[in-house]
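I opened the file to take notes on fold, rings, sulfur links, pockets and backbone. The entries are in the order in which I looked things up.

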Amino acid sequence: MKNIVFLFFIALSFTAFGQQSFYYKTNTQQIFNLRVGMHSVFHYVKMDKQDIVKNDLFVIDENTEKLVIPKNGFYEIAASFNFNPSTSVIKFNRGGVNFGIVQISDNNEQYVAATRKSFDKDNQDLFSRIEVYPTIVYLQKGVVVAPAVNSGLIGNVLLGCVLGCEKKNKNCTSFSMNITLISEEDAYQKYF
């Protein structure tokens, strides 16, 4: 009997005190054109409300166009991109592309969770799984968060880069993102 009561309280704690989170997953294909010297230009991933798997974090209705952080706090952010630079222009040069989640506030756009992937002659026409590993950041209420891709250090223009799936596996996950509110502690973090 003691064990049953103990398990009941554990189950209650997981359901009653669960963390607010947002999970998105899609197999939709998108094309990006990345240009040399445009490393400060973000190419945002288009999201469809139908691909939201779970949401008890953001206020989303038929008019929602942006994911607006609902309260100050520490958030854990992770994402996964299935990406193909899809070009033979790189040849023997290396190209670097940045992937991640961008914070947008007061005319300021910057990655808060990101990674970079290098492409060369060996992987320029292959899909690669790029992971943005779980990153904890402090975000202020009212900032917008959005997934994005941008050119890093590339030597040549990358036209027709694909975020998507191979033709023989169209049901793969082309993009996924998870944002979880882990603490409402007050803090301040400035990004440069």
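My entries on this structure follow.

**Ground rules**

I am working with a predicted model, in which local features need pLDDT of at least 70 and side-chain atom pairs count only at pLDDT 80 or more, while totals for chains, interfaces and linings use all residues. Residues are numbered from 1 along each chain as its sequence is written, and side-chain values use heavy atoms, with hydrogens and water left out.

**Fold**

I looked up the secondary structure and found one helix and twelve strands. Helices (H or I, at least four residues) and strands (E, at least two) are DSSP runs, numbered from the N terminus. The order from the N terminus is α-β-β-β-β-β-β-β-β-β-β-β-β.

I then checked burial, where buried means under 20% relative accessible area, exposed over 50%, and partly exposed in between (1.4 Å probe, protein chains only). Of the 192 residues in the protein, 40% are buried. The protein exposes about 11400 Å², and carbon and sulfur atoms supply 52% of that area. These areas come from the Shrake-Rupley method with a 1.4 Å probe; for residues, only the protein chains shown count as cover.

For contacts I took heavy atoms within 4.5 Å. Among contacts with a separation of 6 or more, 81% are between residues 24 or more positions apart.

**Aromatic rings**

I paired rings of Phe, Tyr and Trp (its six-membered ring) if their centres lie within 6.5 Å; planes under 30 degrees apart count as stacked, over 60 as edge-to-face and the rest as tilted. The count is nine aromatic pairs. Phe42 and Tyr44 make a tilted pair, because their centres are 6.1 Å apart and their planes stand at 35°. Phe42 counts as buried because its relative accessibility is 14%, whereas Tyr44, at 27%, counts as partly exposed.

Phe81 and Phe175 are also tilted, at 5.0 Å centre to centre and 55° between the planes. Phe81 lies in strand β6 (residues 73–84) and Phe175 in strand β12 (residues 175–183), so this pair ties together parts 94 residues apart in sequence.

Phe175 has a relative accessible area of 0%.

**Cysteines**

I searched for disulfides, taken as pairs of cysteine sulfur atoms within 2.5 Å. The structure holds one. Cys165 is joined to Cys172, with 2.1 Å from S to S. The link of Cys165 and Cys172 is left-handed, with -100° about the S-S bond. Cys165 and Cys172 are both buried. I also looked up Cys161, which counts as buried at 0% relative accessibility.

**Largest pocket**

I used a 1 Å grid over the protein atoms alone, on which a pocket is an open set of points where a 1.4 Å probe fits, with protein on both sides within 12 Å along at least five of seven lines; lining residues have an atom within 4 Å of a point. The largest pocket holds about 290 Å³ of space, a volume being the space filled by probe spheres set on the points, which are joined across faces, edges and corners. Its lining has 17 residues, and Val45, Met47, Glu65, Lys66 and Leu67 lie nearest the centre. The elements giving two or more residues to this lining are β1 (21–26) and β10 (144–154). β10 gives the most, with four residues.

Most residues other than glycine have a negative phi. Asp106 has a positive phi of about 45°, and Asn107 has one near 60°. Asp106 is in the loop between β7 (95–105) and β8 (108–119), and Asn107 is also found in the loop between β7 and β8. Asp106 counts as exposed at 77% relative accessibility, and Asn107 counts as exposed at 86%.

Last, I checked Asp186, found in the segment after β12. Asp186 is exposed, with a relative accessible area of 68%. Not counting residues up to four places away in sequence, Asp186 touches Asn72 and Tyr138. Asp186 and Phe74 are 112 residues apart in sequence and 8.6 Å apart in space, C-alpha to C-alpha.
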